[in-house]
Amino acid sequence: MSKEVYTTHSIMNGRALSSTDTVEVFNPADNSLIAVVTEADERATEQALHYAEQCFNVLKGTAAKSRADILFRWYQLIMDNQARLAELVTLEQGKPTKESLAEVVYAAGYVKWFAQEAERAYGAVIPAHTPNHQITTVQQGVGVVVGITPWNFPLAMITRKVAPAYAAGCSFILKPSELTPLSAIELAKLALKAGFEEGAFQVLVTSKPHTLVAQLHSHPAVRKLTFTGSTAVGKLLLEHTARSVMRTSLELGGNAPFIVFGSADLEAALEGLMSAKFRNAGQTCIAANRIFLHSSIKAQFMNMLKARVQGLTIDGTHTADLGPLINEDAKQKALGWVSEAVNDGAVIAYQGSAMKGNFMSPVILENVRSDMVIYNAEVFAPVVSVIEFDEEEQVVAMANDVEAGLAAYMYSTDIAQLHRVSMELDFAMIGLNEGAISNPAAPFGGMKESGLGREGGMEGLHEYLEVKYLCQRIAK
Ligand code: SIN
């Protein structure tokens, strides 16, 4: 791909949207301008809504089998274009190429999964209350869907919404993060090539998200909003969608505990932590945030962790372990939390040298307490906060004592303990002796303030379906 700044377009009804207003896209590795994208204004958004509504009426008349076939073609095209898509992800998001390639496969996995699920939107025949009735249910697409996606996984957070929506027969208007719109546009082009109807997947890029989102979710044709992002924004969106009682799925912030019990295989726990903490330089909702170490293994584990973290390579090359954070604000926020924690009594067990630009060296903090901001915040950065514990009950109470309920991890060789603690943790996804839990076949989502609904798995399709109950009198 050339290093020239290039122009690309929002996608409306299968075509490039022309506009004199543009959004600039920057490379987080050096803050250079990569591309300008045409911006969707109010008029374009109104038109996109009209096309989406028309398309929903067309999709209603299509067979699940034909939507499945189109999704399979989209999957294949994504896989055929892995290198190019990964290059775009690295360019606009900053993650090293090996992680971008992994994201392409992960994103494609959702498309394949929902191509298979498209034909499983079963209804039911229910034993009737009299011999003269037949009671059945059918499932139908909810209507036009609006999706708002974040910058940390510019492909996967999109496919896990668009693929089930299309499988269910819904048309989709996407507002991708203005920081990473290029991958979204590429995905939409491939979807069109695969056979998506023109209004089935439109991508509206804007630097004024509030205006666009308000317009989108106040339109009567829009029957579902799906959002991945911060809890604060999720709550605001929920207030808005409440006004029209719109179906709403929210995948919000996490604050994952990572518990290492005394019996744990420490090598395995370290591997798991490296993956759960440092994937995407710590910028994931399911990142291990609070590391609880049993007092009997703490000293040994800390030594292992420091040695491993010291060896991480951090730069903008394709083979680095960690790329840059998304921008300067993200870095300053994380460094601010670290300073505040140290002022409040935390101890720096390890900190690499200061780095230029958006790159940030990992930090390991000990003696972190639950009254510190860093304990309660979703730290989207390579910061490891360590807390020591003695008793199982104590660690469960500490792990649960936050507003988030997305992911949790624990390491133990005591099977009864793994089961017991899983039942006690108020988190919707739990890694048991496993630090990499993301999988298109599994329901991804959160409890408590981490969200509503699930993405992926068999649950993922139902988020886009309405159940209709038919009561038929079959005899007098
Ligand atoms: C997220 O950070 O929201 C998603 C991470 C994942 O799907 O693995």
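Modeller: The lining of the largest cavity has six nonpolar, four polar and three charged residues. This is a predicted model, so local features need pLDDT of at least 70 and side-chain atom pairs pLDDT 80 or more, while totals for chains, interfaces and linings use all residues. Residues are numbered from 1 along each chain as its sequence is written, and side-chain values use heavy atoms, without hydrogens or water.

Colleague: What makes a lining residue nonpolar, polar or charged?

Modeller: Ala, Val, Leu, Ile, Met, Phe, Trp, Tyr, Cys and Pro count as nonpolar, Asp, Glu, Lys and Arg as charged, and the others, Gly among them, as polar.

Colleague: Why is a space called a cavity rather than a pocket?

Modeller: On a 1 Å grid over the protein atoms alone, a cavity is a set of points where a 1.4 Å probe fits but cannot get out, whereas a pocket is an open set with protein on both sides within 12 Å along at least five of seven lines; lining residues have an atom within 4 Å of a point. Two cavities of 30 Å³ or more turn up in the whole structure. The largest cavity has a volume of about 90 Å³, where volume means the space filled by probe spheres set on grid points joined across faces, edges and corners. Among its 13 lining residues, F153, M157, R160, C285 and F444 are closest to its centre.

Colleague: Which element gives the most to the lining of the second largest cavity?

Modeller: Strand 12 (residues 247-251) does, with three residues; a strand is a DSSP run of E, at least two residues, and a helix one of H or I, at least four, numbered from the N terminus. The second largest cavity has a volume of about 40 Å³.

Colleague: What makes a pair of atoms a polar contact?

Modeller: Two N or O atoms must lie within 3.5 Å; within protein, one must be able to donate a hydrogen and the other to accept it, and residues adjacent in sequence count only if both atoms are side-chain atoms. A ligand oxygen atom is 2.7 Å from an N or O atom in the side chain of Y106, and a polar side-chain atom of N152 lies 3.1 Å from a ligand oxygen atom. Both pairs therefore fall within the 3.5 Å limit.
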